[in-house]
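Here is a briefing on a helix and the aromatic rings around it. Please look over the structure first.

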Amino acid sequence: EMPKLTFIGRVSDGMMLCETYEDMQRESFELKGLAKKVMKKLNRAPDACILETELNHTFYYKIVDGVCFLTCAEGKYPRKLALAFLDEIIGGFHEELKKQWGTGESVDFRSKIETIERPYFFLKFDRFIKKKRQQYLSPNSDMIDVQKELEDVKTIMRQNIDTLLERDITLVNIQSMAHKLRDDSKKFADKSKTLNMMMWIRKYGPFIALFLIIVLGLYLKFG
């Protein structure tokens with residue numbers, strides 16, 4: 001079955017712009033939870049990817065102009081059709097942006113989207129998604145034949161969804177280690193300066209003290 005759910009979100013912060021899902025079974029709750037986690041991990045992700053899960057479902061996403069389009073289908077669903085479905089959603093969303101902000105050359109849709117403050121700004125776009133979903137629920141022979149002319153799935157990166165979700169944890173750990181190393185280096189540098197000063201005083205302190213005593217004595221005698 002295709003698709004179980006479709007999400008559209010802003011990549012920079014994962015804010016949801018539109019979402020639609022068809023049923024509320026336990027499995028769907030799990031998929032929805034995974035989808036929301038994925039949407040928050042795409043800031044440094046590839047522009048397109050196929051994410052395999054242990055729930056016998058596969059996530060597909062594409063990122064265009066700072067917006068992520070993500071859908072999920074059963075593992076047996078033809079992958080080229082899943083990507084074609086996403087392309088249709090992307091095309092329809094672009095038309096929706098034109099309706100919202102116009103078609104002038106000076107209109108920067110990406111910057112407009114970045115200024116949106118409330119989630120689900122394009123909630124009504126779910127009507128378009130549901131309409132397209134009906135066409136892709138059970139692909140007929142004509143649609144399957146069209147697969148041969150569609151985008152080559154081999155060009156799309158594939159990885160396990162856990163790899164994506166755990167990647168930022170690794171990045172955070174690396175960043176924490178880097179910050180700790182930087183702080184430790186600063187502390188070491190400060191301690192080195194203090195130690196060098198102490199060694200300098202220990203080495204030259206007696207001579208400086210003797211010099212000051214002589215100067216003071218001469219001052220008292222001839223001053």
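Rings of Phe, Tyr and Trp (its six-membered ring) pair if their centres lie within 6.5 Å; planes under 30 degrees apart are stacked, over 60 edge-to-face, and the rest tilted. Ring pairs link Phe69, Phe93, Trp101, Phe121, Phe122, Phe125 and Phe128 into a cluster. The model is predicted: local features need pLDDT of at least 70, side-chain atom pairs count only at pLDDT 80 or more, and totals for chains, interfaces and linings use all residues. Residues are numbered from 1 along each chain as its sequence is written, and side-chain values use heavy atoms, leaving out hydrogens and water.

**Helix 2**
- Gly102 follows helix 2 with a positive phi, near 90 degrees.
- Buried residues of helix 2 include Leu81, Phe85, Ile89, Phe93 and Leu97 (buried is under 20% relative accessible area, exposed over 50%, partly exposed in between; 1.4 Å probe, protein chains only).

**Aromatic pairs**
- The whole structure holds eight aromatic pairs.
- Phe85 and Tyr136 are edge-to-face, because their ring centres are 5.4 Å apart and their planes at 70 degrees.
- This pair links helix 2 to helix 4 (residues 126-136), across 51 residues.
- Phe85 is buried at 0% relative accessibility, and Tyr136 is buried at 5%.
- Trp101 and Phe121 are stacked, with centres 6.2 Å apart and planes at 10 degrees.
- Trp101 is in helix 2 and Phe121 in the loop between helix 3 (109-114) and helix 4, so the pair ties together parts 20 residues apart in sequence.
- Phe121 is partly exposed, at 24% relative accessible area.

Technical notes
Helices (H or I, at least four residues) and strands (E, at least two) are DSSP runs, numbered from the N terminus.
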